[in-house]
Amino acid sequence: MLQIELPDGSVKEVATATTPYDIALSISEGLARQAIAARFNDQLIDVYAPLETSGTLALITQNSPDALEIIRHSCAHLMAQAVKELYGDDVQVTIGPAIKDGFYYDFYSETKKFVPEDFPVIEAKMAELAKADMPVSREVMGRDEAIGMFREMGEAYKVELIEDLDVETVSLYRQGNFVDLCRGPHVPRTGVHKAFKLTSLAGAYWRGDEKNAMLQRIYATAFLNNKDLKAHIARLEEARKRDHRRLGRELDLFSFSEDAGGGLVLWHPKGAMLRMIIEDFERKEHLKRGYEIVVGPQILKTELWKMSGHYENYRENMYFTEVDEQGYGIKPMNCLAHMLIYKSKPRSYRNLPVRYFELGTVHRHEKSGVLHGLLRVRGFTQDDAHIICRPDQIDQEVKSIMSFVQDVAGIFGFEYTMELSTRPDKSIGSDEDWDRATNALRSALEDSGQPFDINEGDGAFYGPKIDVKLKDALDREWQCATIQCDFTLPERFDLTYVGADGEKHRPVMLHRVIVGSIERFIGVLIEHYAGSFPLWLSPVQAIVLNVTDNQADYAQQVFEQLRAAGIRVEVDLRNEKLGFKIREAQMAKIPYMLVIGDREMEEQKVAPRFRNGKNLDPCTVSEFIDFVAAESAAYK
RNA sequence: GCCGCCCUAGCUCAGCUGGUAGAGCAACUGAUUCGUAAUCAGUAGGUCGUCGGUUCAAGUCCGAUGGGCGGCUCCA
């Protein structure tokens, strides 16, 4: 007999090979009907999995947090089954996991090309299979037997998967005449699937390797019910409205031109203003923290890029030019100039660290398929700094960079995720250096109190790094801040400082950016604020609106007063109705509209209207100026 | 770069199975002077991304090419 402890603390005695379903049934028929899977000793299992040992058991119903993931994974099987039934031997199955917000399944076919028009057909077949409410059963098979079976079925990818598994047996899931290699767990019956939708098609390399075959991926999503599915689709629609590419055009911030070239941003006046505000902010914040501003050239001799290793490792991403038989590389990074500045005179240990900051504009030839609005471009400006310090200073420096990152994230109200990437197989430098650097990064991360992931072996070849990622409107993550420890470039460029002992020593260099690239940051920022920037960031902070021509002179005068006071202000004197002007200002997401009618003119006041529709009490121009100054000083 | 899809006026989109283009908004002109999200009327605007092919005839079919979108690989 087995002792099974339930979530309420009670213990049931059951025979060996009793299933979670049996136990559920013994509690209530309803529970048994609703059970999707079970959690046994912290492991997810099928409701029909026979229990072999004593332990704790919790049934997973629709309301459990794990339910959706299991349903989506099972729904991927349902989709694969539908595809196999419809397109049969033309299509081979590969893998189909649950992902955030849904699932996908990758198919291989030489003949069948999926098109969006197939979606309704596949969905209909899925609905039919779901309605048939087939039992989903698990079976365990010997490795070789399974290989033989899939080979016979013509499923070469499944064969390859099993061949790479170092196990004696594999588990298979069968529903109707569809069988798939899978770890599980799965829902007990296909009838569980009630709300699903195919969403998009994409290519994907087999096992994520571009040397492998290109598979056809069908993305889809599934929910517990149609209401949740509809809500999800509505959320996606909302996210589309926040898309920075759309808002960039609507708010007249920036554009791209085929004539200029892909990934090269054209900043319109309002976008350039936003950029300038952020750049001013950056300079101020860096000076406050002991950085010195430097400026390097856009192009440097090709020989220098050879010395740094960029020519060897980064060449395909670089643009080159030649003048008077001398080759130059357009900089993809700012570090070289900073090192040359460091090298321009002897350095003492007393004067370290040096912290060189540059809003450095770099150009990188990114593959055409990866360009994405402002989030992935070919020419961008980094808030880049290089800190050259003694090895014993790494710890302190990394900590201050982390706190800088936290300050900035706090000001903009960003949540972020962090990752530590450690030494890759192919790397240079001593174990001691790597340990010191990795520990410095790790302890700074731990001190930050924020959770972080570790990417083993994902560091740069010259040193470990911390990456900080922000999310866009669709929850896609984009790397912004990064902190990298570098022992190589100081070596290659023979950077030295004179120590207390009078000898020359090798410094360490930290590469770091806080927002990353201004372009990417603004892209994320636009989506974060949905275009409604806080006052201090708004390219236009206020707009003066007259009700009729009668107040035109006074409105113009108010406008000039505000502009003279340093407020970013516009005036709309057009012969249009007030409602029309307000609508336009509202759509331009301008924080304050200053309405001027005869009343205000008489009292020498303005009537401010906030973009959320609320009105402030009429006030004098100088009161409004003070108000704006106070608000924006606090980064609000 | 790879896979799929898309590309019609400044923007958002119509245009059935091929018969030489249409709406709304924006723009411009005029009238209106009207207090918190669209005043009315009129005018103008497109070699249907580009090049080539099929056809009596192509925005509509085929091919190539450029750009964009969604992924994959790569990355700030």
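**Close-up views of a predicted model**

**View 1. The largest pocket of this predicted model has a volume of about 1,400 Å³.** A pocket is an open set of points on a 1 Å grid over the protein atoms alone, with protein on both sides within 12 Å along at least five of seven lines; lining residues have an atom within 4 Å of a point. The volume is the space filled by probe spheres set on the points. Among the 50 lining residues, Tyr 314, Met 333, Arg 364, Tyr 462 and Gln 484 lie nearest the centre. The lining divides into 17 nonpolar, 18 polar and 15 charged residues.

**View 2. The second largest pocket holds about 1,000 Å³ of space.** Arg 138, Ser 171, Cys 182, Arg 183 and Gly 184 are the closest to its centre, out of 37 lining residues. This lining comprises 20 nonpolar, 9 polar and 8 charged residues.

**View 3. Phe 412, Ile 466 and Leu 537 touch the most other members of the largest nonpolar core, which has 61 residues.** Such a core is a set of buried Ala, Val, Leu, Ile, Met, Phe, Trp, Tyr and Cys residues joined through side-chain atoms within 4.5 Å; buried means under 20% relative accessible area with a 1.4 Å probe, protein chains only. Leaving aside residues up to four places away in sequence, Phe 412 touches Phe 281, Phe 521, Leu 525, His 528, Tyr 529, Trp 536 and Leu 537 (contact: heavy atoms within 4.5 Å).

**Notes.** In this predicted model, local features need pLDDT of at least 70 and side-chain atom pairs pLDDT 80 or more, while totals for chains, interfaces and linings use all residues. Residues are numbered from 1 along each chain, chains are lettered from A and ligands numbered from 1 as written, and side-chain values use heavy atoms, without hydrogens and water.

Note on methods
Buried means under 20% relative accessible area, exposed over 50%, partly exposed in between (1.4 Å probe, protein chains only). On a 1 Å grid over the protein atoms alone, a cavity is a set of points where a 1.4 Å probe fits but cannot get out, and a pocket is an open set with protein on both sides within 12 Å along at least five of seven lines; lining residues have an atom within 4 Å of a point. Ala, Val, Leu, Ile, Met, Phe, Trp, Tyr, Cys and Pro count as nonpolar, Asp, Glu, Lys and Arg as charged, and the others, Gly among them, as polar.
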